[in-house]
Amino acid sequence: MWFRVGSVALIGFIAFEAFAVGTVLPRAAAQLHSTAEYSLAFGIQFAATIVAVAAAGPWVDRAGVRAPLLAGGVLFAAGLTVVGCAPTMTVLAAGRAVQGAGGGLLSVVLYAMAGRLITADARPRLFAAFSAAWVLPSLVGPALAGLAADTIGWRWVFLALAPLSLLATAATLRATVGLDEGAYRSDPAPTGRLVLPAAVAAGSTTVLQFAAPHAGRTSWR
C-alpha cells in the first residue's frame with residue numbers, strides 16, 4: 001500500500017508541475033522583469049531530466065532503489081522550493097534544473113521499484129494508475145495553476161508541492177523496509193556511456209535556449 005500511494009502521488013506531482021508551469025512561468029518572468037531567460041527557465045528542466053534518467057539506471061543497478069529514491073525526492077522538493085522563492089529568473093532556472101534532476105531520478109526508480117515490489121499480475125493495474133496520474137494533471141493542472149496564481153500567487157504553485165512531494169517520498173521509501181536488494185544488484189554498464197551523450201544533448205539544448213532570445217534581441221538592436 002505504501003508504495004502504491006506514494007508512487008502514484010509522486011508521478012502526479014511531477015505531472016502537475018510539468019503541465020502547470022506553462023501557465024505560471026510567463027507571470028513569473030513578468031514579475032521578475034526578465035523575459036529574456038524565459039526559454040531557458042522553461043527548457044532547462046527537461047535537459048536536467050534527460051541527464052538524470054541516463055544516470056538513474058546504472059545507479060539503481062549498482063546501489064539499489066533507496067538512495068536514488070531519496071535523492072530524487074529531496075532534489076525534486078528542493079528545486080520546487082528554490083523556484084517558489086526565486087528572486088530572479090536565473091535562480092528560478094537553477095531551481096528548475098534541480099527539480100528536473102529529481103523528477104528524472106524518480107521516474108526511473110519508481111518503475112524499478114514496481115518490478116521489485118509488485119507481482120507481475122498486479123503491475124498492469126499499477127501502470128494504469130501511473131498513466132492516470134499523468135492524464136488527470138493534464139486536464140486540470142493548467143486551470144488549477146491559473147486559479148492559484150490569480151489568488152495566492154504563482155509561487156505557491158511550486159511551494160505547495162514541495163512538502164507534499166517529501167511526504168510522498170517518505171511513504172514510498174517506507175515500502176522498502178525489509179526489501180532485500182542483493183538479488184537485484186548487477187554490474188551496470190559504465191555510467192559515462194549513458195550520461196555523457198545525454199549531458200551533451202542536454203547541454204546543447206540549454207545553450208540554444210539561452211542563446212536564442214539574446215541573439216534575437218541583438219539582431220533587433
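## A residue to start from

Let's begin with T49, which is found in helix α2, a helix covering residues 38-63. Keep in mind that this is a predicted model.

Is T49 buried or exposed? T49 is buried, because its relative accessible area is 18% and the cut-off for buried is under 20%. A polar atom of the T49 side chain lies 2.9 Å from the backbone oxygen of Q45. Leaving aside residues up to four places away in sequence, T49 touches G100, A101 and G104.

## The protein as a whole

Stepping back, the protein has 8 helices and 0 strands. Read from the N terminus on, its elements run α-α-α-α-α-α-α-α.

There are 221 residues in the protein, and buried residues make up 44% of them. The accessible surface comes to about 10500 Å², with 71% of it belonging to carbon and sulfur atoms. Now consider contacts between residues at least 6 apart in sequence: 87% of these join residues at least 24 apart.

## How two helices meet

Two packed helices are described by the angle between their axes and the distance between the axes. Helix α4 spans residues 89-117 and helix α5 spans residues 123-151. These two pack at an angle of about 160 degrees, and their axes are 11 Å apart. The helices α4 and α5 are therefore roughly antiparallel to each other, a term that applies to angles over 145 degrees.

The crossing of α4 and α5 is right-handed. Which residues make the contact? From α4 come Y111, A114 and G115, while α5 brings R123, L126, F127 and F130.

Conventions
Residues are numbered from 1 along each chain as its sequence is written. This is a predicted model: local features need pLDDT of at least 70, side-chain atom pairs count only at pLDDT 80 or more; totals for chains, interfaces and linings use all residues. Side-chain values use heavy atoms; hydrogens and water are left out. Helices (H or I, at least four residues) and strands (E, at least two) are DSSP runs, numbered from the N terminus. Buried means under 20% relative accessible area, exposed over 50%, partly exposed in between (1.4 Å probe, protein chains only). A polar contact is a pair of N or O atoms within 3.5 Å; within protein, one must be able to donate a hydrogen and the other to accept it, and residues adjacent in sequence count only if both atoms are side-chain atoms. Contact means heavy atoms within 4.5 Å. Accessible areas come from the Shrake-Rupley method with a 1.4 Å probe; for residues, only the protein chains shown count as cover. Axes are lines fitted to C-alpha atoms, for helices over the stretch in contact, and angles run from 0 to 180 degrees between N-to-C directions. Angles under 35 degrees count as roughly parallel, over 145 as roughly antiparallel, 65 to 115 as roughly perpendicular and the rest as oblique. A crossing is left-handed if the near helix is turned anticlockwise from the far one by less than a right angle, and right-handed if clockwise.
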